[in-house]
Amino acid sequence: MFISGIGIVFTRGRGIDSLEKALNQGWSSPSLTGPIPAYRVSQETLTDTSLSKKIRRADRFSRMAVLSAVDACRDSCINVNERGKIGIVLSTAFGPHSTTFSFIDDILDYGDANVSPTKFSNSVHNAAASYVSSVLGSRGPTITLAQFSFPFQNALVLAGLWLNEGRCEHVLCGCVDELNAVMEYACKMKLKTATDGKIMPFMFSPAPLSVPGEGGAFFMLSKEKCQNNYGEVTGISFSGKTNGKPDITIIDSDGMTGDETLYRETTNSTVAGYSPLFGSMLIGSAFNFAAASLILKNQLVYKCPVTDNPSGIKLCSTTSETGINQINCVRICGTGKISTIIMQK
Amino acid sequence: MKIVISGIGTVSAAGINLSENLDSLRHGKRNSGPVSVFSSCLSYPVFEVKYLPEKWKIDGMRTLSLALAATEEALNDAGLPKQLSEFKAGVCLGTTVASQLNDMDFYNSFRKSGSADLKPVDRFLRGNIAEAVAHTVKAIGPATTVVNACSSGTDAIGIALSWLKSGICNVAIAGGADELNRVPLCGFGSLGILSNSLCAPFDRNRAGLNLGEGAGILVLEREDFYIRRGGKPVLYLSGYGSAADAYHLTAPRPDGKGLESALRSALYDSGISPEEVCFVNAHGTGTIDNDKVEGSVLSRVFGENISFFSTKGYTGHTLGGAGGIEAAYTAAALKEGWIPASAGFACRDDEIPLTPVTENTDIKGSFAVSTSLAFGGNNAAIVIERA
């Protein structure tokens, strides 16, 4: 399947241009105002006057979903209304938990019979995908997935199956997760935090450092190559084995899933990792996948934002034009299971 | 490649296994009562699972307990071992409650003091139902939890169908599970769609839904794999369709075009015409809007003589579990050749162009359909075939 559009909302802004700019500018410090350093998305980023009527009741989670999905659609130049059925697959680890907690606030403060129906309906995990389908007028299959291991990879698998089965010509496939005080508290207590705000993807540590992030990343995936094309997904492996040697391996190590020593074994080609730009997230694969898509399209390798490299592996250490045919995006979950997304020019 | 339904497991207020469930349906038992699994001032009737095998009682993880109980029954029914590590097996399950970190005590403690015991967070992180069931049965293939609100179970079965057809796995555990929980009880209450009396799907005087809990699990296998291990197919999962309303967060699209599209897509996927369907197990929640839209669409797609019913009157609305439980009932009914009376129905609604079956009815035919409509405007349907 081909990548024909990308939309992204993250700490450095909105849109694929923001990611490209961040890749060119390199690392910047996260917000240090909360209990832990974190890459939060500003309210300004989530404001869009052209969509304000359609998403006036949407929470932050749904806004991140809608804005990234709409941008992916625009970037692809595919007209949803003309194309009819476009599938939507939204994957998340934690869902719209801020709204869930706000709803629980109502229960605790006002009692079971005096809660807000609007908060309840927005707290349901698939509310975000519903907003996306309503805003775009898309009436194809629409699925929301929630999982901690490989949320993006499983969404990609499903999108590929739908395209192959002919259920739709295009699938908007993406991930969203949000931060709030509860999540930051849980991260603070359960993860090792990088107090200087620097995720170090190439330390391969058994106790890596994290800086939690939030955001949304959506991709318009198409069965046929479209006018706008970033590259092609040619395989998704969960066996740890892949054929051929990639030009670049992008690893998802970001301190979020514990022991990262196994990543060391995936670094037999030139390696990159861009998690320091957007933060530690269980859905971080989607953001590295966006970076990989830009590399393939622009044939430009971006310098890793943090290059601490005690193992001396071969890193993308400068931004330079070069011929890139294949990128492997590798994620290792907490159980040690490996997933590889194989992308080609 | 045809996909066999080789095992069925169900737990709900109607019974702790498929046999008990079917017995309740056959005899019109409606095991409802007030909420007892948590405290609430809300007095709506609910359908609770009153007994769970001790081995599957997991503290603070009731949805997972329900899912594991039904999974064990389904694996036994399929003649598969309790551990599937030697097979290419996947797990695709739907839920709503188990996907949310909604522990009241944890959150209340955090908001009061800025700190809280993290055991509920640990439970939540261990409790993603597809991942947890896959871990328990040692399934090494894909594991995906679907959170499409009330169509989650049906969508999970549809995703598993795609996995199996593509060869990603040979065996899949698919369906849905949800526990009765204070958050949805309060939420549905706030929306004004809970009935103070027992629900009456498609009835003129219907006044809303009753919440329930349970799990419905199908074991699905590629036919070649199933036959190779000595099975003789009786039931197939032959099609799945899904479509969005793109209309409203909680209300179904009045013209029903989303549901119609999902149904036609499922029929197309099965390669059959509407005339070949012998009955429909409808979503039929008992709310004014759902039943009106669904009844109209069923009439439009299948004609006014289609036999249909809702089983929400026996189980309550089990949310993410509903699609799994209703798929199990649909498969069992098709296999046994009878469908149950639609519990709660008494008076025809002039705004709904057809009426559900009012007594247990023998059926003849090879194909049956189960539908799900959900918050967010999701619509899903599956087609089950008798060999």
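This is a predicted model: local features need pLDDT of at least 70, side-chain atom pairs count only at pLDDT 80 or more; totals for chains, interfaces and linings use all residues.
1. From helix 2 of chain B, B:Thr63, B:Leu64, B:Ala67, B:Leu68 and B:Thr71 meet B:Ile129, B:Ala132, B:Val133, B:Thr136 and B:Val137 of helix 5 of chain B. By class, this contact has seven nonpolar and three polar residues, with no charged ones.

2. Now the geometry of that pair. Helix 2 of chain B covers residues 62–78, and its axis comes within 10 Å of the axis of helix 5 of chain B, the two crossing at roughly 45°. An angle between 35 and 65 degrees counts as oblique, so helix 2 and helix 5 of chain B are oblique to each other. Their crossing is right-handed.

3. A second pair in chain B is worth a look: helix 9 and helix 10. Helix 10 of chain B spans residues 288–302, and its axis and that of helix 9 of chain B come within 9 Å and cross at roughly 40°. This pair is therefore oblique too, and helix 9 of chain B passes helix 10 of chain B in a right-handed crossing.

4. Which residues bring helix 9 and helix 10 of chain B together? On helix 9 of chain B they are B:Leu259, B:Glu260, B:Leu263 and B:Arg264, and they meet B:Val293, B:Glu294, B:Val297, B:Arg300 and B:Val301 on helix 10 of chain B. The contact of helix 9 with helix 10 of chain B divides into five nonpolar and four charged residues, with no polar ones.

5. In chain A, please turn to helix 1 (residues 16–25) and helix 10. Their axes are 11 Å apart and the helices pack at an angle of about 85°. Because angles of 65 to 115 degrees count as roughly perpendicular, helix 1 of chain A is roughly perpendicular to helix 10 of chain A. A:Leu19, A:Glu20 and A:Leu23 in helix 1 of chain A meet A:Ala290, A:Ala291 and A:Leu294 in helix 10 of chain A. The residues of this contact are five nonpolar, no polar and one charged.

6. Two backbone angles deserve a check when you open the file. A:Gln299 is not a glycine, yet it has a positive phi of about 50°. A:Gln299 sits in the loop between helix 10 (284–298) and strand 12 (300–301) of chain A. Is A:Gln299 buried or exposed? With 12 other C-beta atoms within 10 Å, A:Gln299 is exposed, since 12 or fewer is the cut-off for that class.

7. B:Leu319 is the other case, a residue other than glycine with a positive phi near 55°. B:Leu319 lies in the loop between helix 11 (312–315) and helix 12 (322–336) of chain B. B:Leu319 is buried, with 32 other C-beta atoms within 10 Å; the cut-off for buried is 20 or more.

8. On to the interface. How many residues of chain B are in contact with chain A? There are 48 of them, facing 47 residues of chain A. Elements of chain B that give two or more residues to this side include helix 3 (104–113), helix 4 (119–126), strand 4 (143–146), helix 6 (152–166) and strand 8 (235–244). Helix 5 (129–137) and helix 9 (257–270) of chain B, discussed above for their packing, are also among them. The largest share, five residues, comes from helix 7 of chain B. By class, this side of chain B has 24 nonpolar, 22 polar and two charged residues.

9. Lastly, the confidence scores. The model has an ipTM of 0.97 and a pTM of 0.98. Chain B averages a pLDDT of 97, and 100% of its residues score at least 70.

Note on methods:
Residues are numbered from 1 along each chain as its sequence is written. Chains are lettered from A and ligands numbered from 1 in the order in which they are written. pLDDT is the predictor's confidence in each residue, from 0 to 100. Two residues are in contact if their C-beta atoms, placed from the backbone, lie within 7 Å. Helices (H or I, at least four residues) and strands (E, at least two) are DSSP runs, numbered from the N terminus. Ala, Val, Leu, Ile, Met, Phe, Trp, Tyr, Cys and Pro count as nonpolar, Asp, Glu, Lys and Arg as charged, and the others, Gly among them, as polar. Axes are lines fitted to C-alpha atoms, for helices over the stretch in contact, and angles run from 0 to 180 degrees between N-to-C directions. Angles under 35 degrees count as roughly parallel, over 145 as roughly antiparallel, 65 to 115 as roughly perpendicular and the rest as oblique. A crossing is left-handed if the near helix is turned anticlockwise from the far one by less than a right angle, and right-handed if clockwise.
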